[in-house]
Amino acid sequence: RIDGHDIKAIYTAIENAKAQKEKPSMIVIDTIKGKGCSFAEEPLFNHHITVSEEQGQQAMKELEEKLETLKAEWGEM
């Protein structure tokens, strides 16, 4: 069971599962819907939301900033 927003944890879990040759593996990933998008993380928006063009642009900006942070930490994947 891992944090589905932790890229390193996901990578490690996949590598561990691939290395397990004697029995099947399963990875349970806990996530938050809308994670990384400030206006969509609220529980109110758990299922369906309408996203305005401005909100879509805001979401892309936030996610691109997060991607740049991850690239700086990990280098190009």
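The protein chain exposes about 6500 Å², of which carbon and sulfur atoms supply 54%; accessible areas come from the Shrake-Rupley method with a 1.4 Å probe, and for residues only the protein chains shown count as cover. This is a predicted model, in which local features need pLDDT of at least 70 and side-chain atom pairs count only at pLDDT 80 or more, while totals for chains, interfaces and linings use all residues. Residues are numbered from 1 along each chain as its sequence is written, and side-chain values use heavy atoms, with hydrogens and water left out.

The chain averages a pLDDT (the predictor's confidence in each residue, from 0 to 100) of 85, and 91% of the residues score at least 70. Confidence is highest in strand β1 (residues 2–3), at 96, and lowest in helix α2 (residues 53–74), at a mean of 88.

### Overall architecture

Two helices and two strands are present in the protein chain; helices (H or I, at least four residues) and strands (E, at least two) are DSSP runs, numbered from the N terminus. Their pattern along the sequence is β-α-β-α. The radius of gyration, 16 Å, is well over the 11 Å that the globule rule gives for 77 residues, so the chain is more spread out than a compact globule. This radius is taken over C-alpha atoms, and the globule rule is 2.2 Å times the number of residues to the power 0.38. Along the principal axes, the C-alpha atoms fill a box of roughly 50 × 30 × 15 Å.

Buried residues make up 9% of the 77 residues, where buried means under 20% relative accessible area, exposed over 50% and partly exposed in between (1.4 Å probe, protein chains only). Among contacts (heavy atoms within 4.5 Å) between residues at least 6 apart in sequence, 48% join residues at least 24 apart.

### The helices

The expected span of a helix is 1.5 Å times one less than its number of residues.

| Helix | Length | Span, first to last C-alpha | Expected span |
|---|---|---|---|
| α1 | 13 residues | 18 Å | 18 Å |
| α2 | 22 residues | 31 Å | 32 Å |

At the start of α1, a side-chain oxygen of Asp-6 reaches to within 3.1 Å of the backbone nitrogen of Lys-8. Ile-10 lies in helix α1 and touches Ile-2, Asp-3 and Gly-4, not counting residues up to four places away in sequence. Ile-10 and Ile-29 are 19 residues apart in sequence, and their C-alpha atoms are 8.2 Å apart in space. Helix α1 (residues 7–19) also holds Ile-14, which counts as partly exposed at 39% relative accessibility.

Gly-56 belongs to helix α2 and is partly exposed, with a relative accessible area of 24%. Its C-alpha atom is separated by 15 Å from that of Lys-66, ten residues apart along the chain. Just after α2, Gly-75 takes a positive phi of about 80 degrees. The C-alpha atoms of Gly-75 and Ile-14, 61 residues apart along the chain, are separated by 19 Å.

Definitions and conventions. Polar contact = N/O pair within 3.5 Å; in protein donor to acceptor, adjacent residues only side chain to side chain.
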